[in-house]
Amino acid sequence: MSVFLKLDWFFKERKKEYILGLLMLTIVGILILIPPKIIGYVIDEIGSRTLTTVSLLKWIAIIIVVALVMYVMRYYWRMMIFGSSNYLAKILREKLFCHFTKMSSSFYQERRIGDLMAHATNDVSAVQQTAGAGVLTLFDSIVTGGFVIVAMAFTIDWRLTFIALIPMPFMALSTSFYGKLLHERFGIAQAAFSDLNDKTQESIAGIKVIKTFGQQKEDIADFTKLSENLVSKNMKVARVDSLFDPTISLIVGISFLLSLGFGAKFIVDGAMTIGDLVAFNTYLGLLVWPMLAFGMLFNIMERGSASYDRIHQLLSIPVEIDDKVDALDTRPAGDIIFAVDDFKFPGEQKSSLKNVHFELKQGQTLGIVGKTGAGKTAILKLLLREFEGYEGKIIFGQHQIDEYKKSRLKEAIGYVPQEHFLFSTTITNNIAFSNIDVEREKVEHVAKLAYIHEDILAFSNGYETIVGERGVSLSGGQKQRISIARALLTNPELLILDDSLSAVDAKTEEAILQSLKNERQHATTIITSHRLSAIEHAHLIIVLHEGTIVEKGTHEQLMALKGKYYEMYQLQQLERLVEKGGEADE
Amino acid sequence: MNNQPTFSNREQTKILLRLLKYLKPHKISVFFALFLLTLTVIGDVLGPYIIKVFLDNHVAVLNFETKPIVFLAGSYFAIQVLNVFISYFQLVKFQEIALNVIGQLRIDVFSKIHQLGTRFFDTTPAGSIVSRATNDTEAIKDLFVSVLSSFVQAAFLIVGMYVAMFLLNPILACFALLILPLIIMVIYIYRKYSSVVYMTMREKLSQLNVKLSESLSGMGIVQAFRQEERFNDEFHQINNEHFRSAMNNTKLNSLLLRPVIDLIYFVAVVLLLSYFGVSSFETAVEVGVIFAFITYINRFFEPINQVMEQLALFQQALVASSRVFALIDEEELEPAQQQTDYEIRDGFIEFKNVTFSYDGKTPVLKNISFTVNPGETVALVGSTGSGKSSIINLLMRFYEFEHGDIFIDGHSIKSYSKNELRRKLGLVLQDPFLFYGTIDSNIRLHDKNLTDKEVQAAAQFVQADQFIEQLPDKYNQKVTERGSTLSSGQRQLIAFARTIATNPKVLVLDEATASIDTETEVAIQSSLEKMRKGRTTIAIAHRLSTIQDAELILVMHKGEIVERGNHQQLLSQKGLYHKMYLLQNGIVE
């Protein structure tokens, strides 16, 4: 029952619908008692040959009216109750989504998107079930079932009612038991299904290896084994699933037999008529569903409750990084002072940054070099205020970055991430992401700056081409350049290119860097890169190793140092030449 | 994928018939299940008849002779109990058949996937191939397990009820037939609307999920560009649309499912009562017959309700089936091999005027010719798109080519059996793909003939044993998905061991460019050197230092070989290779 208490707020919100719906259910519960009675009367009148045209017409008219009223009522209570449960699903999804948009990147690092999706789909639909079918089964099993029993006991014979009901609790018990068993086995079958899914995914991802080693047959054998396992797990489900109908019909059959045997005795005693017995049996038929519902009720509630708890738990995760009370409502601009003595990612022992200090004047470009894991991304994440809890200060313009409103800070930064993520919509909408209504000229302008304009025109639908999974697949370099255009559109105070030129060829890289230089003379830029050519021109270059700065200076200074930077530079010159291929002769 | 197609009746029948063909191997089981079903239907029909006899012969005339009554009660009870068992086995049997059919279909799909050529995988997203083999077949399972078996059961039960009614009272049974068209009409109307309404709801749901998963994956970008509000609005809009379509679906179900079937039930009851009432004006009517008819009519509607509720699944399963069959019918197969018993003994390779294009328009290899002597190494150098990888793709028979030919030991590569090629050509991919399992299973790859010793020897040979021995479970160390717990260098070494374990005659290397730490790189280079010894090797080299001792170096550019020769010859040509060499030694011109 606790789940109904937890959903209390919702039932209050939809008070009108639930009251109306349950009222109609009650009326249906009463009306449904009438036809069996009438059938009984007609049979008695036929038996005693007292049936007249008038009485027959009367009975038939009543049945027709009752049937029509019931049809209308049944339609409306469904709309009220199932409609409300649809509504519940809708608002839960909305709440979750809104909450997801407020969660920081550490939230997303700790959770898998598949799991979050499962909460927003499976758990929501389990709760929806509770508010719809759950309410219905609760009401049906108690109210409708109660009415039928009352009608049997008071209008026909209470002794017979008692006798006929003896087997019924077994139905509720067994269906509840089966339900539980079914749920367990279904879970196991689901796991087998997901094994099969993983296997298929792996085989397709590794198809070249399988082909190379000529292992198709063995791989199919492997799959066959998993498929057979799934079949056998599903069979276990089927064995429980198939128990429901026979059990129900057995229990109902026994009930029937009891009521017929004792009913016949009561008829002989003159306590009831044959018509009563027929009506009684029809009532028994009406009891089947409430008894089943009673058995199912517990399972529905249990699942709904667990799902609701999971959703609730997710919703109660607080927003991690929020604005300070008197946060500045200005767009930061000016010099950047980065002075972080120590920073660890949450839950990690090792420091990701140690004694990283640098200053960047407005309009300057900073280049950051280092291996994966050297701390490049950590610097950027702190600048973007995706993480907090570091020792030291980060100042942007006149103030520390956490003194600005978060939205204003983000407004000032144009971020081009390492994983170039595009949304499956048109190229225009992807570039105009930060301002979806911006004029076309601006979109084209930044596309030209990012050297992607020509590529876009070459697509069949130009700027209106859909990209992503359901559209044109772009090369890594094209995606990167669109991401750059997207960031340029906001005309940011600080542009961050997080290894965002890795997939474009050397010539284009040079061109993009040149156009950035011309366009953004007074704005600050930070570039991280594996490839040194992307940062050669920077005013300041820092070389990171295991979270600390090992070399710092301009390109010339670092080359003269003949250290790490110099080594890397030499190596890459060679690779560049190889990449340029035959054109290197120029 | 979101636009669910609608099918004409003919297409539906075609798909259904093709699905039913899968029942063929289970013919005997099907007949047995149908036989059991017939028995349960007879039981269902007999029950009310016994009660009728009881009511008419005993209760109505107040004749309570013990023996016949005990007989009646006994047989009623026996039939009930028997029926419980038979119907249980019948239900299980139907499910068993359905599950086995789907199991087979799934294996067929998967086997087909393995026959498909690389071209197919280039053009079809992996996710959609996976869902053909899993989600779509699962939808067909629902069709077989729920829809078809409940259709068959309903049909049998309805026929059984009608037969019983005809035996009891043919005229009334004819009247009862009148409700059939009514039901068929409701089904028709429901199908007509639900195919639209239900499909719209499914489509909105999938849009909702796509939006959700995309937003979750791109949340970093959404937040960085402060678009939370817009995304909330967009989600709100789709959520609302989904809600509206769900309400339409609820409305349709409320109008046309259970409530309307119940209404028809009352029509049937009214029909019955009027008939018996009117006939009672003239002659006496047996009360038991009325009872039996009422019971039959009550039972009659249960399977109909069940069938109606499954109808929505039907459409979905048809869509899934059509997709599965499209994959099974896919014609982009892998290149064919002739079945000969030619063997690769020496590993003498010759490319002769090979021209190749992926799309049939722009050639990526133009008239390529070269030879590699047994045991020698040829290295391919050049930029991305120069054609290096295509040479390997053709040699490995990933793609079919039309112009020119490739010979191994004098026979065309097309004439070797698939087995022979796979056994004698060993490819090491740039991205060493590891499977979920253990180190051991990743080296031996299903080859049960390999002994543990041989596996370890292979690891030793490529010097992978050093790091493997340091793992807590050594060769039985678990390898997670894609081998994410191992460094890329370690993964590469395992991939080497895997290739060496098959002892190939020809080695094809796509050298790794991934950032590998210096220590493992040294190990990898010396392993490679060992592996190449005594084997014909074709290698793509990104680092020139590794190929100085190659007998032949081909410098490729735009599908052509622009320079060729050994290290010394290329140096004296003073071309590109020369430049590279100078740079490598730190002598900048």
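In chain B, residues 255–278 form a span that is 96% helix and 0% strand, with its end C-alpha atoms 33 Å apart. Helices here are DSSP runs of H or I with at least four residues, strands are runs of E with at least two, and both are numbered from the N terminus. This is a predicted model, in which local features need pLDDT of at least 70 and side-chain atom pairs count only at pLDDT 80 or more, while totals for chains, interfaces and linings use all residues. Residues are numbered from 1 along each chain as its sequence is written, and chains are lettered from A and ligands numbered from 1 in the order in which they are written.

For chain A, the annotation from an unreviewed UniProt entry covers residues 20–39, 59–77, 135–154, 160–178, 243–268 and 280–300. Residues 135–154 of chain A are 100% helix and 0% strand, with end C-alpha atoms 27 Å apart. Residues 243–268 of chain A are 96% helix and 0% strand, and their end C-alpha atoms lie 38 Å apart.

Let us now consider each chain as a whole. Chain B contains 20 helices and 12 strands. Its radius of gyration is 36 Å, well over the 25 Å that the globule rule gives for 589 residues, so chain B is more spread out than a compact globule. The radius is taken over C-alpha atoms, and the globule rule is 2.2 Å times the number of residues to the power 0.38. The C-alpha trace of chain B spans about 120 × 60 × 50 Å along its principal axes.

Chain A has 22 helices and 10 strands. The C-alpha trace of chain A spans about 120 × 65 × 50 Å along its principal axes.

How are the chains divided into domains? In chain A, the assignment gives domain 1 (2–315) and domain 2 (336–580), with C-alpha centres 56 Å apart. In chain B, the assignment gives domain 1 (9–328) and domain 2 (349–584), and 56 Å separate their C-alpha centres. These bounds come from an automatic or database domain assignment.

How many residues does each chain bring to the contact between them? Chain A gives 108 residues and chain B gives 108 residues. Two residues are in contact if their C-beta atoms, placed from the backbone, lie within 7 Å. On the side of chain A that touches chain B, the largest share, 23 residues, comes from helix α5 (residues 53–102) of chain A. That side of chain A divides into 59 nonpolar, 30 polar and 19 charged residues. Here Ala, Val, Leu, Ile, Met, Phe, Trp, Tyr, Cys and Pro count as nonpolar, Asp, Glu, Lys and Arg as charged, and the others, Gly among them, as polar.

I turn next to the interior. A residue is buried if 20 or more other C-beta atoms, placed from the backbone, lie within 10 Å of its own, exposed if 12 or fewer, and partly exposed in between. Buried residues make up 44% of the 586 residues in chain A and 40% of the 589 residues in chain B. A nonpolar core is a set of buried Ala, Val, Leu, Ile, Met, Phe, Trp, Tyr and Cys residues joined through C-beta atoms within 7 Å.

The largest such core has 235 residues, and those with the most contacts inside it are A:Ile431, A:Ala450, A:Ala485 and B:Ile140. Helix α13 (residues 274–315) of chain A gives the most to this core, with 18 residues. Apart from this core lies another, of 66 residues, including B:Leu421 and B:Met531.

Is B:Ile547 buried or exposed? B:Ile547 counts as buried because it has 23 C-beta neighbours inside 10 Å. B:Ile547 sits in the loop between β10 (536–540) and β11 (552–557) of chain B. The C-alpha atoms of B:Ile547 and B:Ala379 are 6.6 Å apart, although 168 residues separate them along the chain.

Technical notes: UniProt positions are given in the numbering used here, feature names are shortened, and annotations may be inferred rather than shown by experiment.
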